[in-house]
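I opened this entry to get my bearings in a structure new to me. My notes follow in the order I looked things up.

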Amino acid sequence: MDEREARRAKARELRRFEAEPTPLLTLPGSPDMALFSPFGPMIARTTVAPGLVAQLNRYVDTRVTPGVAGEFHLPGPVVLEGGDASLLRVTEALIRRYVASLHGMPPRSVQVEVFWSVSQPAGSPSPVHFHSSDISGVLYLKVPDIQDPAREEEKTYISNRQAGFINFMIGGRQAFARSVVSFKPVVGEFYIFPGWLLHGAEPFKGLGERRSLAFNATVQTE
Ligand SMILES: [Fe+2]
């Protein structure tokens, strides 16, 4: 490798830590003010085909006792069902896109270690945690009917909202900074994020099941 090539390789290596200097929003006024919030982990949200959600629910339905909280690993045949449209292949492709967008190049390898299903009836929380993996994610398979959703949505994670949102957090309360983001689960939506990122789900008040599917993946990059 000559000197110029080595310099380019080094720049590529470092580029993954550098955010785009793109404003989050621009406040109109005189003069305009551009607001940047470039730091921190990336959370991706995408969707999967309704057919895949239905296929996974058909299997999970056979394993879940209504009204009882529980989780279990998905067996290989369920993960592989559907060939190129299977849960495994779809997830691997999404992880590749996520990593490539951050690093400017696709990962050398992606290996999903495990998928597991989590069923939560009303009142069951998912305490704040991180994963042991490089990349993790969560796909929503069922969402409950929230009791008095308008009232719940007036509240926040910190003010005890009981609506089953997923909350990602980094650090504590920090002045002039944001440290919590909450997403309302929607069936078919798939979040992908670094495994080290703290997250948890509030319990909910209402009827039905909050059903999610999580994964842990190992990723090797150049
Ligand atoms: Fe998790």
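**Leucine 102**

I counted 18 C-beta neighbours inside 10 Å of leucine 102, so I put this residue down as partly exposed. Buried would take 20 or more. I am working from a predicted model.

Next I looked up where leucine 102 sits: helix H4, residues 87–103. Which residues does leucine 102 contact, leaving aside neighbours within four places in sequence? I found Arg16 and Met42. I also checked aspartate 2, which is 100 residues from leucine 102 in sequence. From C-alpha to C-alpha, the two are 26 Å apart in space.

**The core**

I turned to the largest nonpolar core, which has 39 residues. Leu56, Ile95, Phe115, Leu139, Leu141, Ile192 and Ala217 touch the most other members. H4 is among the elements that give two or more residues to this core. Others I noted include helix H2 (50–61), strand S5 (109–120) and strand S14 (210–220).

I then followed phenylalanine 115. Not counting residues up to four places away in sequence, it touches Leu74, Val79, Leu87, Leu213 and Phe215.

**The open sheet**

What is the strand order in the open sheet of four strands? I read S6-S12-S9-S10, with antiparallel pairing. Strand S6 (126–129) and strand S10 (180–183) are the edges, and each pairs on one side only. The twist averages 15° from one strand to the next.

I looked at one pairing in detail. Strand S9 (residues 166–169) and S10 are antiparallel over four bridges. Phenylalanine 168 has valine 181 in S10 as its bridge partner.

How values were computed:
Residues numbered from 1 in each chain as written. Predicted model: local features only at pLDDT ≥ 70, side-chain atom pairs only at ≥ 80, totals over all residues. Buried ≥ 20, exposed ≤ 12 C-beta atoms within 10 Å, placed from the backbone. Contact = placed C-beta atoms within 7 Å. Pairing = 2+ DSSP bridges. Axes fitted to C-alpha atoms, helices over the stretch in contact; angles between N-to-C directions. Core = buried A, V, L, I, M, F, W, Y, C linked by C-beta atoms within 7 Å.
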